[in-house]
Amino acid sequence: LDLSAEKPVLKGSFKAGNGWQEHKLSTPVKGRYIALEALSSQDGNSMACIAEMHILDENGERISREPWVVKYADSESVAQNNCNADKTFDLQESTYWKTEEGVEFPHSVVIDLGGEHNISAIQYLPRMEEGAPGSIKEFNLYVKREEFKINKQ
C-alpha cells in the first residue's frame, strides 16, 4: 500500500482498554475507500488487532457494512488462527483481525465501503480479552473516492 502521496483525514490515538471508541473528523469527507493505518500499539508489541469497526455518515449514523470488501491488509494471522481482515466487520465482537507477530508497524487495512458516503467518524473496538492485546494506539485514517495505490508483488 502506497500512502506516500495521501493526506490523512484524521490523525489520532485510541485509549488503552476495552470497549468502543469513536473519533470524529473535523468535517465530513466524501469517499468510497478507507484506509486505516495503525502506527503503534498500546502494549509496545508489533501486533495490531481490530475486533470490530464502524464508519459513520454525516448524520452520525453507522454505514451498513453489508457491502464492505477488504481490498488490502498488510498482514493477517491466518496460519494458526482465522484472524483475517474481514473480521473487522463480521458482526462478531469475539473474532478479530490480527497481524502476524513480528511484522513491524505501520499496519494497514483498506476497505471498499461499496459506495460513496459522507464520512464523519470512525468507531473502533479492540479485542475483548483482558488487557485488549494488540490494541492500536496511534493511527491515521484516509478516505478516497477512487482506490488506493497498491503495489502488486
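Leucine 1 counts as partly exposed because its relative accessibility is 25%, where buried means under 20% relative accessible area, exposed over 50% and partly exposed in between (1.4 Å probe, protein chains only). The model is predicted, so local features need pLDDT of at least 70 and side-chain atom pairs count only at pLDDT 80 or more, while totals for chains, interfaces and linings use all residues. Residues are numbered from 1 along each chain as its sequence is written, and side-chain values use heavy atoms, with hydrogens and water left out.

**Leucine 1**

- Leucine 1 lies in the segment before β1 (10-13); strands (E, at least two residues) and helices (H or I, at least four) are DSSP runs, numbered from the N terminus.
- Neighbours within four places in sequence aside, leucine 1 is in contact (heavy atoms within 4.5 Å) with Tyr72, Ser108, Val110, Phe148, Lys149 and Ile150.

**Histidine 54**

- Histidine 54 sits in strand β4, which covers residues 52-57.
- Histidine 54 counts as buried because its relative accessibility is 8%.
- Not counting residues up to four places away in sequence, histidine 54 touches Trp20, Arg62, Arg65, Trp68, Ala121, Ile122 and Gln123.
- With one of these, arginine 62, histidine 54 makes a polar contact between side chains, at 3.2 Å. A polar contact is a pair of N or O atoms within 3.5 Å; within protein, one must be able to donate a hydrogen and the other to accept it, and residues adjacent in sequence count only if both atoms are side-chain atoms.
- Between the C-alpha atoms of histidine 54 and threonine 88 there are 8.7 Å, with 34 residues separating the two along the chain.

**The chain as a whole**

- The chain has eight strands and zero helices, in the order β-β-β-β-β-β-β-β along the sequence.
- Along the principal axes, the C-alpha atoms fill a box of roughly 35 × 35 × 25 Å.
- Of the 153 residues in the chain, 48% are buried.
- Among contacts with a separation of 6 or more, 80% join residues 24 or more positions apart.
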